[in-house]
Amino acid sequence: MSHALHKRISIKMLNRNLISKSLSCLPFITSRRSVKVRNLPVKYDQFETPYMKTRKPGILFITDFYAFMNKRWTLDDIRYYKKWKLIKEIRDSQKYINERHKILGPDLATTHFITARYGKIKLKGNNEWLTIDDLKSGKIPPTYVPGFCVEEIDASNIVLCYEGFENLCHLSGLKKLILRDCPFVDDWCLSRSYIFQDTLEYLDISGCQNVSERGICTLYVLKKLKTLVIHDTPNIQNKELVCLLLQDLLPKLEVEGVDYNDPILLKRLAKYM
């Protein structure tokens with residue numbers, strides 16, 4: 001055997017011994033090691049840990065306060081923040097209070113809600129309007145009174161928002177609702193008119209700048225509606241056509257504030273005749 005061949009064989013044996021020794025010392029690199037994998041449930045979110053679910057107390061305030069202090073505020077941002085905060089306070093103050101309606105009943109609870117915001121209420125069989133002065137003087141009872149039935153509501157110029165409409169529910173005798181010049185009355189508010197579908201006969205939304213043709217279309221649920229007043233509502237597009245469609249669904253309805261003699265409207269109608 002030559003010297004070169006003997007040297008090559010000895011190197012191979014040495015390498016084999018080194019590899020086997022390293023495998024015995026470092027078992028984690030061997031293929032024989034059994035790797036145990038935890039079987040996760042099917043509906044497992046790898047990005048949502050239990051630590052993330054249970055937030056530490058105060059962490060929300062800390063993050064919001066840090067973001068608030070590090071924001072570069074402009075005058076427009078400050079105005080927008082003040083406006084947003086004011087609207088949020090109004091919405092929170094007009095949320096439905098179940099305990100109030102249970103104690104007072106729906107009609108008396110609505111009377112307290114409207115008169116406290118400088119609105120007016122007229123009861124069935126009574127021609128006098130109840131105002132905030134009657135609420136302060138105690139003329140409006142603070143507890144439930146049987147036979148107390150609201151027939152007319154005048155909420156003109158009241159800051160009445162979507163959340164406040166829930167306080168007008170379960171009025172079995174309401175026939176007239178005036179929402180003239182209410183700044184927050186919009187299409188979403190009118191979409192809740194279904195709560196008056198069995199009784200309401202008169203609706204005035206004049207001056208409600210946020211009402212569009214979409215809100216008018218939602219009034220088809222008022223089966224007993226006889227008069228609709230929509231003066232000074234510039235955001236209602238194609239007002240005449242929308243009112244004609246509404247009158248097709250409600251044949252007894254009369255709409256005030258619409259000019260059916262408009263030449264543009266007559267041209268459009270002539271195409272379908």
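Is K122 buried or exposed? I started my notebook with that one, and K122 turns out to be buried, at a relative accessible area of 14%. A reminder to myself before going on: this is a predicted model.

**Entry 1: the overall picture.** The protein has 11 helices and 7 strands. It has 273 residues, and 32% of them count as buried. I also checked the contacts with a separation of 6 or more, and 68% of these join residues 24 or more positions apart. The protein exposes about 19,400 Å², with carbon and sulfur atoms supplying 57% of that area.

**Entry 2: back to K122.** I wanted to know what K122 pairs with. Its partner in a salt bridge is E152, with 3.8 Å between the closest N and O atoms. K122 belongs to strand β1 (residues 120-123) and E152 to strand β3 (residues 150-154), so this pair ties together parts that are 30 residues apart in sequence. E152 is buried as well, with a relative accessible area of 17%. The cut-off for buried is under 20%, so both K122 at 14% and E152 at 17% fall on the buried side.

**Entry 3: the other salt bridges.** I counted 8 salt bridges in the model. One of them joins D204 to R180, whose closest N and O atoms are 2.6 Å apart. Here D204 sits in strand β5 (residues 202-204), while R180 is in the loop between β4 (176-178) and α8 (187-190), so the bridge ties together parts 24 residues apart in sequence.

Then I looked at D76 and R79, whose side chains meet in a salt bridge at 2.9 Å, N to O. Why are they about one helical turn apart? They are 3 residues apart in helix α4 (residues 75-93), and that spacing gives about one turn.

**Entry 4: charges over rings.** Next I checked for charged ends sitting over aromatic rings. K120 has its charged end over the ring of W129, 5.3 Å from the ring centre. R192 does likewise over the ring of Y162, at 4.8 Å from the centre. For pairs of aromatic rings, I found 1 in the structure.

Entry 5: How many residues of α6 are buried? In this helix (residues 106-115), 9 of the 10 residues are buried, so I wrote it down as mostly covered. Among the buried ones are L108, F113 and I114, along with D107 and H112. The cover over them includes α5 (98-104), β1, β2 (129-130), α7 (132-137) and β3. I was pleased to meet β1 and β3 again, as they carry K122 and E152.

Helix α10 (residues 239-249) gave me another pattern to note. Its residues K239, E240, V242, C243 and L246 are buried. Seen down the helix axis, the buried residues fall within an arc of 160°, so they line one face of α10.

Terms used
Residues numbered from 1 in each chain as written. Predicted model: local features only at pLDDT ≥ 70, side-chain atom pairs only at ≥ 80, totals over all residues. Heavy atoms only, no water. Salt bridge = Lys/Arg side-chain N within 4 Å of Asp/Glu carboxyl O. Helix = DSSP H or I, 4+ residues; strand = E, 2+ residues; numbered from the N terminus. Buried < 20%, exposed > 50% of the residue type's maximum accessible area, 1.4 Å probe, protein only. Contact = heavy atoms within 4.5 Å. Areas by Shrake-Rupley, 256 points an atom, 1.4 Å probe, with all protein chains shown as cover. Phe/Tyr/Trp six-rings, centres within 6.5 Å; stacked < 30°, edge-to-face > 60°. Lys NZ or Arg CZ within 6 Å of the ring centre and 35° of its normal. Arc of directions from axis to C-beta.
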